[in-house]
Amino acid sequence: MNYIIVIAVLILDQLSKILALKYLVPVGDIPIINNIFHLTYVENRGAAFGLFQNQKLFFVITTLLVLGFIWFYAHHNRLNKMMIVGLSLVAGGAIGNLIDRVRLGFVVDYFNAVIINFPVFNIADSAVVVGAVLIGIFILKYDR
């Protein structure tokens with residue numbers, strides 16, 4: 001695992017959430033490109049797409065188990081760069097959202113692709129998705 005990537009994702013995620021809490025909470029929504037892309041403050045107490053609302057303990061335990069698996073897998077296997085980056089992005093994003101759940105009781109989301117009616121998300125979510133895509137590409141292309 002690449003700890004620089006994990007730390008970079010974590011810092012960007014937490015700084016952006018601090019800014020969202022400071023500047024978005026009072027206004028709720030800031031159109032960047034009107035009716036296309038907004039910064040919208042959302043307190044997500046569930047998982048992706050708002051599933052499993054108010055299951056904080058479940059998410060904390062699940063995240064810790066996933067992080068433990070990633071650490072174990074990364075330290076007991078020879079990995080190529082794509083897999084290392086993918087696992088590092090997933091770990092950084094998972095830690096970022098875990099910090100929110102433990103500290104605030106919810107995950108701060110703020111990116112809103114209004115035009116496609118997509119759920120509001122954050123940097124940690126983006127890192128997890130990009131990391132998962134890289135892991136998937138690696139598995140499909142290189143894993144036997």
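L12 is exposed in the predicted model, with a relative accessible area of 52%. The residue lies in helix α1. Although L12 and A124 stand 112 residues apart along the chain, their C-alpha atoms are separated by 8.6 Å. L12 therefore counts as exposed because its 52% is over the 50% cut-off used for that class.

Two further residues of helix α1 were examined. I18 is located in helix α1, and its relative accessible area of 47% makes it partly exposed. With a relative accessible area of 49%, Y23 is partly exposed. For the pair Y23 and I99, which are 76 residues apart along the chain, the C-alpha separation is 20 Å. The value for Y23 is 49%, so the residue falls in the class between under 20% (buried) and over 50% (exposed).

In helix α2, V66 was considered. V66 counts as partly exposed, at 36% relative accessibility. V66 and A94 are 28 residues apart in sequence, and the C-alpha to C-alpha distance between them is 8.5 Å.

N35 is not a glycine, yet it has a positive phi of about 65 degrees. N35 sits in the loop between β1 (29-33) and β2 (37-44). The relative accessible area of N35 is 51%, and the residue is exposed. A positive phi, of about 55 degrees, is also found at N117, which again is not a glycine. The loop that holds N117 runs between β3 (107-112) and α4 (123-141). N117 is exposed as well, with a relative accessible area of 70%.

These residues belong to a protein with 4 helices and 3 strands. Read from the N terminus, the order of the elements is α-β-β-α-α-β-α. The radius of gyration of the protein is 16 Å, close to the 15 Å that the globule rule gives for 144 residues, so the protein is as compact as a globular protein of that length. The C-alpha trace spans about 50 × 30 × 25 Å along its principal axes.

How much of the protein counts as buried? Of its 144 residues, 34% fall in that class. Among the contacts with a separation of 6 or more, 69% are made by residues 24 or more positions apart. The side chains include 10 positive and 7 negative ones, and the centres of these two sets lie 10 Å apart.

The confidence of the prediction was also summarised. The mean pLDDT of the protein is 91, and 96% of the residues score at least 70. Which element has the highest mean pLDDT? Among the elements, helix α1 (residues 3-27) has the highest mean, 97, whereas helix α2 (residues 56-75) has the lowest, 91. Where pLDDT is low, predicted coordinates should not be read in detail.

Key
Residues are numbered from 1 along each chain as its sequence is written. This is a predicted model: local features need pLDDT of at least 70, side-chain atom pairs count only at pLDDT 80 or more; totals for chains, interfaces and linings use all residues. Side-chain values use heavy atoms; hydrogens and water are left out. Helices (H or I, at least four residues) and strands (E, at least two) are DSSP runs, numbered from the N terminus. The radius of gyration is taken over C-alpha atoms; the globule rule is 2.2 Å times the number of residues to the power 0.38. Buried means under 20% relative accessible area, exposed over 50%, partly exposed in between (1.4 Å probe, protein chains only). Contact means heavy atoms within 4.5 Å. Lys and Arg count as positive and Asp and Glu as negative; His and the chain ends are not counted. The place of a charge is taken as NZ of Lys, CZ of Arg, CG of Asp or CD of Glu. pLDDT is the predictor's confidence in each residue, from 0 to 100.
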